[in-house]
Amino acid sequence: MKKGSILVLILALAIGTALVSAQGGDLPGSGWESGQQIQNTSDTDQANITFVLYDQDGNATDCTDNSKNPVQPGASVNYLTEECPVAEGFQGSAVVSADSPIAAIVNVNNRTVGAAAGQYRGTDGSDVSTTIAFPLVKNDYFGRTTTFYVQNASSQPNDISATFNTTSGTNTHDFTNVPANAMVIFMPSDAGVPAGDVGSLVVEGTQPVAGTSLEHEASAAVAANLQASKAFTPSEYDSTAYCPLIRNNHTARNLTTGIQAQNVSGSPQTITVAYSYSVGGGPVQTSTATSPQLADGESHTFFYQGPNATLPEGALGSATVTGDEGGNIAVVVNDRGFALDPSPVTTYACFPDSGTSDEVVVPLYKEYFFGNTTGIQVQNVGASDVTVELTYTPVGGSPVTISHSQPIAPGASKTFFGVSQGTSPADITGTNPALVNTYGGIVITANGPVVAMANEGSFGGFGTTASGQDNKNYEGFNQ
């Protein structure tokens, strides 16, 4: 676990007016805002958190709320950008720091006018780089467009260059003298990428940068959904990546995932996905799929629906992705509920083998909280069976321990959902009905290496009504 003062960089949005310009990276519709959930990841020490916003000119606004300090070990606090003294329509970035290790996630939504929502991880200050990569870019591709938010993660002015590699070729968009801690916003069209194009993006700075992407409808009076994902740094490239949640036509919502795997090895190679899944809670099954030969920088989509599906309908599980020549890869997963209109959509980044551990923190978990519930998907990435224990600290409450009895096999995963009612997994222990309508942070510990992600959906019940909000997810933080 990282010790000492920790800096977390996040892209904070508080947008209150209609945004319709095709240039400048504006999201469709109106009502956009953000909230930041910040967790003290120390096992023993309290944390005092400082929260500072920066506009696009680099001007700082201190939003620290000392009434929320100190934060107890494992607990988390929420900062709403709208509560900071900034004008409506603010778009900017944030730096969160503390005297104890922390992790943070950002929730972007238009809940006052629509159902769109997305979540992404903040970037630890020690993990920033002068080069970051995004495996998936869309410019009005089947009605979807990606907007990018890149923050100067340094105290010096930064020249930033964004290079798109798409089916039409290479296009570049440059920024000069970006102020310290400020962010730039851009879309593929700003670089001249034509409509209907798809591909990938590499961003380079003369100083370190951090970034996130938001995929959304190309145009909408009121946005119905949103996908959010973080950028990859070179330290997150690996020859093996783990994806805790994959599925095909799962539940009545027809929840189905696709894997976008990018070759970042420097040489041609194929990429193989090994799946571990079950159908309807039955026995664990396995299967594999391999891409065509991919040039450096090229990506391939593994998709499961239709007559050539790699997974059977109803499958729920996890995946291990490898570069077949031992070369590095970067991998994201897209998830969509095809049976719903509008479809709930999410994106998450798969985990490099080098970043696994036996402890994972999840800053924001909801248990039927105002009609939203979080599922925690834990994948065993070791060579032996593992069991895990989840310590949930609801805001304003005491820690609760949740566990299970049947081990998770190597490569397989287990879903924790509706833990107040003992819904999943079947072997869950430590359920507590008093957890209904709570939210907070979770610490996952295991007797072997694991990765985990949080997947939040609109689920009501037990005195709460489903929110109707878009699905959203983010990656857990390995410690």
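Q: What is the mean pLDDT of the protein?
A: This is a predicted model, and its mean pLDDT (the predictor's confidence in each residue, from 0 to 100) is 89, with 94% of residues at 70 or more. Local features need pLDDT of at least 70 and side-chain atom pairs count only at 80 or more, while totals for chains, interfaces and linings use all residues. Residues are numbered from 1 along each chain as its sequence is written, and side-chain values use heavy atoms, with hydrogens and water left out.

Q: OK, switching to V419. Buried or exposed?
A: V419 counts as buried because its relative accessibility is 2%; buried means under 20% relative accessible area, with a 1.4 Å probe and protein chains only.

Q: And which residues does V419 touch?
A: Leaving out residues up to four places away in sequence, V419 touches Y365, E367, I402, I428, T431, N432 and L435. The C-alpha atoms of V419 and E367 are separated by 7.6 Å, though these residues sit 52 apart along the chain.

Q: New topic: what's the strand order in the open sheet?
A: The order is β21-β18-β23-β24, with antiparallel pairing. Strands here are DSSP runs of E, at least two residues, numbered from the N terminus, and two strands pair if DSSP finds at least two bridges between them.

Q: Which are the edge strands?
A: β21 (299-303) and β24 (345-349), each pairing on one side only.

Q: How many bridges between β18 and β23?
A: Nine, joining residues 255-263 and 329-337 in the antiparallel sense. T257 stands opposite D335 in β23.

Methods
Buried < 20%, exposed > 50% of the residue type's maximum accessible area, 1.4 Å probe, protein only. Contact = heavy atoms within 4.5 Å. Helix = DSSP H or I, 4+ residues; strand = E, 2+ residues; numbered from the N terminus.
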